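Got a model open and wondering where the labels come from? Let's go through a few of them and check each one against its cut-off.

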Amino acid sequence: MDGTLVAELSASLSPDRVHNDHLEQVLYGRDASLMRGDAGVVCFPLTTAEVQACVRAALRHDRAIVPRGSGTGLAGGAVPLEQPLLIVTTKMTGIEVDLDNRVVWVQPGVINLDLTRHLKPLGFHFAPDPSSQQSCSLGGNVANNSGGPHCLAYGVTSAHVVAIEVVLPNGELAVLGGLGADPAGVDLRGAFVGSEGCMGIATRIAVRLTPNPPAVATLLADFVEPAQAAAAVSAIIAAGVVPAAIEMMDQRITQAVEAFVGAGYPTDAGAIVLVEVDGLPGGVAFETEKVREVCMAQGARSVRVAADEAERMLLWKGRKTAFGAVARVKPNYYLHDTVVPRTKLLDVLRQVYAIADRHDLIVMNVFHAGDGNLHPLLVFDAREPGILDRVHAAGEEIVRASLEAGGVLSGEHGIGLEKQPFMALQFTQPDLDAQARLRDAFDPDGRCNPAKVLPAGSRCGDLAHLDAHHRERLLADGVWV
Amino acid sequence: MKLPLVEDELASCVSCGLCLPHCPTFRVTGEERYSPRGRIEAIRQVHVGNQPADASFVDMMDTCLQCRGCETACPSGVPFGHLMEAARQGLNEQTRYQPWYRRVGYRTLAYHRALVIGSRALALVQRSGLVPSRRLGLPDRLPLRVPALRPQTVASGAARVWLHTGCVMDAWQRDVHAAALAVIGATGTAVTLPERIHGAGCCGALATHAGLVGVARAQAEATMRSFPGEDPVLVDSAGCGAQLKDLGHLLGTDEASHFSTRVRDIHEWIAEHLDRLPDGVGPRRTVSVAVQDPCHLRHVQRAHLSVRRVLAPYLDLVELDDEGLCCGAGGAYSVLQPELAGDIRTRKLESIARSGATLVASANPGCSLHLAAAGLTVRHPVQLLAEALGLVDG
Amino acid sequence: MSAGPGPLAPLPDRVVRDPVLLAFADEVGGVDAGPVAVEGGRTQWELGGRSEPGTRLVRAPAGVVAFEPAEMTIQVRAGTTLDELDAALEPAGQRVALQGLPRAATVGGVLCVGLSGPTRLGHGHIRETLLQTRYVSSEGLLVTAGGPTVKNVTGFDLCRVLVGSYGTLGLLAEVTLRTRPRPQATAWLAGPADPADLFDRLYRPMSLLWDGETVWLHLEGYPEDVAVQTAIALEAGLQPMAGPPPLPTGRHSVEPGVLRRFRPDRAQRSGFVAEFGVGVVHGEWPGPTQGTPDASVVTLNRRLKQLFDPTGRLNPGRDPLAPSNGKADHR
């Protein structure tokens, strides 16, 4: 039944870039999450025009489309449902530097770290550096509004994207934002960033060039107790220092990662904190000393400053490969990425350990402590009967504990498919309805990555004719009744 | 189809995708089917799920270079090489996966004398211009005469080492062995060569990669028997070294595991004996040398840094910026998958060009042939070392 | 994988029960309450088109709701002035990157207009300061957009479209903003210099203004660093100054690269002050300006308005696409 669709796509792209092989569709049925879906035809466009051709072909055949980059998403955002046309951007890897405007235009398939390497000789980099940066694509970074350790000081992807050329779900082309200081209209660019593939497909992205800092210092502080480490994180911020990054790893994850990288992490520490300060040399020297002082005052056993670039890279390698290393403990993991107010970090962390204990699960914590972004990894062996239920129950409790502390559901991984049900915990129905309207402005027919992000029933119905009584009820309960 | 793999090894992949950019075939295609994560998932689908081991599956397995770059990149330590070998073994045992002529070809590698004679015959035909050498992955000029190898005379009572001479390398690149003998001799160490007519030919690496476990075991066993005693066995081919260091896994015997502990890559050994080498002679080379790491030295043996330690005192080295991505040679791969191998090599050539080096050092015969076929000047690090020491002519 | 049986209900604290906000929602009213707009400090009142006559004007509540210095966020009512905001943060050595904007302006007002001040080069766009807002929808409902934490990608990013929407999509009632430490040292320098050359030699200056002849440079940071950067500026021919030049009226938007290439003749100089590296030009701009948006972008703007305010009751007459919105030419 895909025959004509394949034929049309083959004619627009080329036959070797339109795949309809069953086993391959199975491979594209998943990303880095636990979710599994069902891919239809898989195509690999090279240009904006080819992406448009794909979207239009899908439109003619009444097929939904799902954009996909490297497939490193952790929330099932790229998992295809009901055999959509999968538009894979990995072959779109063009890079054009525009030094005059201090931006670089990239195609969506460019790998985050490749871009930074490309820019290095020019003295610039792309600031968002998610832990998957060696693999994840810029298109994926835009879709998820990716963060990474360094977004503590530099901001997430949204702050670095200046303009996006987008193929809209109806096949039309639009440039959202622009290189000019104040593009006309509302900030559609900002709406698109983080839209998880639900508002169209980015085909060219202009991102800001961030100058490489003249000086950088990376510190590793080790603590006997995770509580001391968490207190140190708060104390650093309270001391008026905003480092480029503050990361924390507990003992279990430190041990797993150390077995891979051999970075010299103290494996007997209850928790380690990795801090990076950067900028001009004076500030770096000042902040390095300040961070060291604060950590020692909070009970650090030692504070080590990376002696050279090689040591610095090694310290970071350990942090950035942490998720992948969990299979050294158990073959599967399920994680949330809630953010809690920095001052509640310690409290929520304690609850996370208690929740895992209650469900007889192993939890490993590695996270962006500086901005309160938790990544509790519940590790398990899916072959053990009944364990998934325990994992999910514990996951929900972690989400509740985070939200009750005044936090949010996701700091950087997005909602995708996996976290969708929890949206209703954080938002009222009018909140969700407003988000649904934003999506509808781009994709009125729900063709692009359908059934993601917003849970079913997010739309409130005809609010335009809301009477006073129902308005009062909605205001009082937050739920449409 | 059940594949002869260890299920816990298969379960150890969490699909994080950190391997993707470290896979040469994913790098040039951007397709999941040509990535380690995709291949593992395909193996899972065939082994655990009910997917047939169809042509698509075979293609996914066949296009893997077995460079094992994914292994060094994998935080979970997934033993990808084992999984891939098991998949190919399963295909061999349960399907008509390897055609008869390839099976015969792998077996022939063990018959060393026949190989040397055959190579000479091919060299003659090559001079006639009738052989499309580059397409077949052959060196431009196969040697007509293979010089006899003569270990240096050293003081009696000196320590002894073995030098593994292998199959194709001994036939085509015996001058590398000659350089190795000269360098080892210069440290005052005696070298024993294996008895090569009936003894050590192919170590079985190519058959292992092809999943021909029976052939591989027989060849490995014969090779092991050619090195009696306890003297270290030095290997100047990265692929062979990787194979010989892992015989415990292949043969499953204590004897094999013990043998593997005696195996050293020649650069590892030289790096430990640098103080015994004389100073370099003549003016230092003015060109800088790009070090190309053979995958089986970098990702499998993880001994690539010793090449730098050995060369750095004598030559100006430059590093490539591609994080040790495979050059596309992959044993017989460049012949079997010429298109992918070519695309992968192009990436390597670009990286070499960016480095500004005009000379490439590569410690594996397959890589040097593959790169030389693209017009590069490639020498074995041991050759560069021997020249710098004035032991052989440059 | 599901999160258990049945749909989940919002946690009790996610339903807004703050009487001040509820009162504001009631004042705005539902769809039957007619055209309505929020009046702030009237500091940029003329932008975005003329408010339609007959529009009922309301004021957003004012005052600081919560400020936790260790959190580096502050929650304030939208009607709070920038002056009041600054006064609340100053004792803790913090501030919000809403610098260089009129002190009498309200926080809600400057965000609705969405135009950054002249330190955008260093502080980033003002939209980056907004973490969460509670606004009143055209139906008179309180809607929460974004989240109170410094990092958040939960759901679609409504905050971004609200900044710069001139109150045509929703009326801001309360906002949570990101704060930053105040710098230990600051400096202003000015003098005739090549702005491009200076820009390339400095590390992340806060502001680099240029009138075609003179460059004004603003530096912030640790004293030692400011001293080093100051030395670079002095060497380039700048001298210490008390502050920035007065910015002439009129605002244009160009690509920052345009400023790099623009070589004004004598007559063109000093009629403008450009934000180098950003592309905002204050005053009379003799060079090329930004083109008009794509038709598809216009359509998206219109559709968004239609979906958020089907009856057109929110701030009628104002339009983020209007030529007089301060983004393109206006006098």
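This is a predicted model: local features need pLDDT of at least 70, side-chain atom pairs count only at pLDDT 80 or more; totals for chains, interfaces and linings use all residues.

Q: Why is A:Q426 called buried?
A: Buried means under 20% relative accessible area. A:Q426 has 4% relative accessibility, so A:Q426 counts as buried.

Q: Where does A:Q426 sit, and which residues is A:Q426 in contact with?
A: You'll find A:Q426 in helix α14 (residues 423–426) of chain A. Leaving aside neighbours within four places in sequence, A:Q426 is in contact with A:L403, A:V408 and A:L409, plus C:R14, C:G146 and C:T154 from chain C.

Q: Where do the two domains of chain C run, and how many residues does each put into the contact?
A: The domain assignment gives domain 1 as 15–181 and domain 2 as 185–283. Domain 1 of chain C puts in 10 residues and domain 2 of chain C puts in 15. Between them they bury about 930 Å², with 58% of that on carbon and sulfur atoms. On the domain 1 side, C:P118, C:R120 and C:L121 supply 57% of the area buried against domain 2, more than any other three residues.

Q: Which residues of helix α9 of chain A are buried, and what covers them?
A: In α9 (residues 251–261), the buried ones are A:I253, A:T254, A:A256, A:V257, A:E258, A:F260 and A:V261. Their cover includes β13, β14, α11, β17 and β18 of chain A, together with α5 (69–73) of chain B. Just after α9 of chain A, A:G262 takes a positive phi of about 60 degrees.

Q: How do you know which chains touch?
A: Contact means heavy atoms within 4.5 Å. Of the 2 pairs of chains that touch, chains A and C have the most contacts. No contact joins chain B and chain C, whose closest C-alpha atoms lie 17 Å apart.

Notes
Residues are numbered from 1 along each chain as its sequence is written. Chains are lettered from A and ligands numbered from 1 in the order in which they are written. Side-chain values use heavy atoms; hydrogens and water are left out. Buried means under 20% relative accessible area, exposed over 50%, partly exposed in between (1.4 Å probe, protein chains only). Helices (H or I, at least four residues) and strands (E, at least two) are DSSP runs, numbered from the N terminus. Domain bounds come from an automatic or database domain assignment. Buried area is the accessible area (1.4 Å probe) that two parts lose on being put together, summed over both.
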